Amino acid sequence: MDVYRKEVCIIMRGTRRAPYLFTGPTLILLAVFSLLPILVALVISFTDMNLAGLADFSTVRFVGFKNYVDVVVDPIFLQAIGNTLFYVVIGVPLVIAFSLAVALLINYGRARLFKAFRAIFYMPSVTNVVAIAVVWTYLYNPSLGLFNYILNQLGLSSVPWLTEPVTAKLSLILLALWRAIGLNMIIFIAAIKGIPKTYYEAAQLDGAGAWRQMFSITIPLLSYAIFFVSVTTMIGWLQFFEEPFIMTKGGPLDGTTSVALFIYRNGFQLSHFGYAAAGSFILFFAIIAITLIQFRLQNKNDEAGA
């Protein structure tokens, strides 16, 4: 009997340790490659570290909140904030609307062609962003680009796609929108497939048509999927970087410089590591604040719906 109890105790101990054995490696990797760098960057944001400081830490001075004060009054950073808000305000609703529309179209489409559309729309999401940006740079070329060639053939004048600040921002949004539709489309399709068929059967018995079912059943039951896509898309657009970095380098006249590109430029091109780290944490806290606001609004909607 004692031997049996000992075996039971050993098994119980192993069962209790199993979750830690499975999650331990992941937590260690998360701490080493995510949490620790964040803490190091936070410390650097309070110093004047630059390229010389990497070679000799004795030259690094603690400057307190000076970097944060300098960043928030930097006119280029303020312009970058305005550009980023422009991207977010226009880009996020377009991505959500187009992704949902394409998902509904593919889901309700009965022809085989709609299955091909699923792959066609998804391919840009998994294609290398550098290759895509290079191709679109040629498409936007003011004299040799395909877009202006088509406009000229239609008797319209050429558009300064990447040489005028507002037009350049809209051009980058168009590219990013084309890339972002595919992934969010897959999320919406998965959510649509998860809606029980009994709702649609009951609606059909009541005489509801396809449009009525879409607006009374499908879209309301996609509220959590829409919320998830809204949060992730908002975070992605607040960190908008690849398109302006590759296609415009932040120009013309910093008209397309995003906050992420501002941070990169100061950190990796100008070697102002402390200054760039301060800017990155301002962006970090802004993302947290906006995400919390989105969660608060979602909770209020859930409470109102209940």
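1. Salt bridges. In this predicted model, the count of salt bridges comes to four. A pair qualifies when a side-chain nitrogen of Lys or Arg lies within 4 Å of a carboxyl oxygen of Asp or Glu. Side chains of opposite charge can pair when their charged atoms come close.

2. Asp 48 and Arg 61. These two side chains form a salt bridge, at 3.1 Å from N to O. The pair links distant parts of the chain, 13 residues apart. Asp 48 sits in the loop between helix H1 (2-44) and helix H2 (51-55), while Arg 61 sits in the loop between H2 and helix H3 (66-72). Asp 48 has a relative accessible area of 24% and is therefore partly exposed. Arg 61 reaches 51%, so it counts as exposed; the cut-off for exposed is over 50%.

3. Glu 243 and Arg 179. Here the salt bridge has an N to O distance of 2.9 Å. Glu 243 belongs to helix H12 (residues 242-247) and Arg 179 to helix H8 (residues 165-193), so the bridge ties together parts that are 64 residues apart in sequence. Glu 243 counts as buried because its relative accessibility is 2%.

4. Arg 265 and Asp 254. A salt bridge joins these side chains at 3.0 Å, N to O. Arg 265 is in helix H13 (residues 259-269), and Asp 254 is in the loop between H12 and H13. The two residues are 11 apart, and the pair links distant parts of the chain. With a relative accessibility of 17%, Arg 265 counts as buried, since buried means under 20%.

5. Positive surface patch. Arg 110, Arg 112, Lys 115, Arg 118, Lys 193 and Lys 197 gather on the surface in a patch of positive charge. Residues in such a patch have over 30% relative accessible area and no salt bridge. One of the six, Lys 115, is placed in helix H5 (residues 113-126). Lys 115 has a relative accessible area of 64%, so this residue is exposed.

6. Gln 294. This residue is part of helix H14 (residues 273-305). Its relative accessibility is 15%, so Gln 294 counts as buried. Which residues is Gln 294 in contact with, leaving aside its neighbours within four places in sequence? They are Phe 227, Ser 230, Val 231 and Met 234.

Key. Residues are numbered from 1 along each chain as its sequence is written. This is a predicted model: local features need pLDDT of at least 70, side-chain atom pairs count only at pLDDT 80 or more; totals for chains, interfaces and linings use all residues. Side-chain values use heavy atoms; hydrogens and water are left out. Patches are made of residues with over 30% relative accessible area and no salt bridge: like charges are joined within 9 Å, nonpolar side chains (Val, Leu, Ile, Met, Phe, Trp, Tyr) within 5 Å. Accessible areas come from the Shrake-Rupley method with a 1.4 Å probe; for residues, only the protein chains shown count as cover. Lys and Arg count as positive and Asp and Glu as negative; His and the chain ends are not counted. The place of a charge is taken as NZ of Lys, CZ of Arg, CG of Asp or CD of Glu. Helices (H or I, at least four residues) and strands (E, at least two) are DSSP runs, numbered from the N terminus. Buried means under 20% relative accessible area, exposed over 50%, partly exposed in between (1.4 Å probe, protein chains only). Contact means heavy atoms within 4.5 Å.
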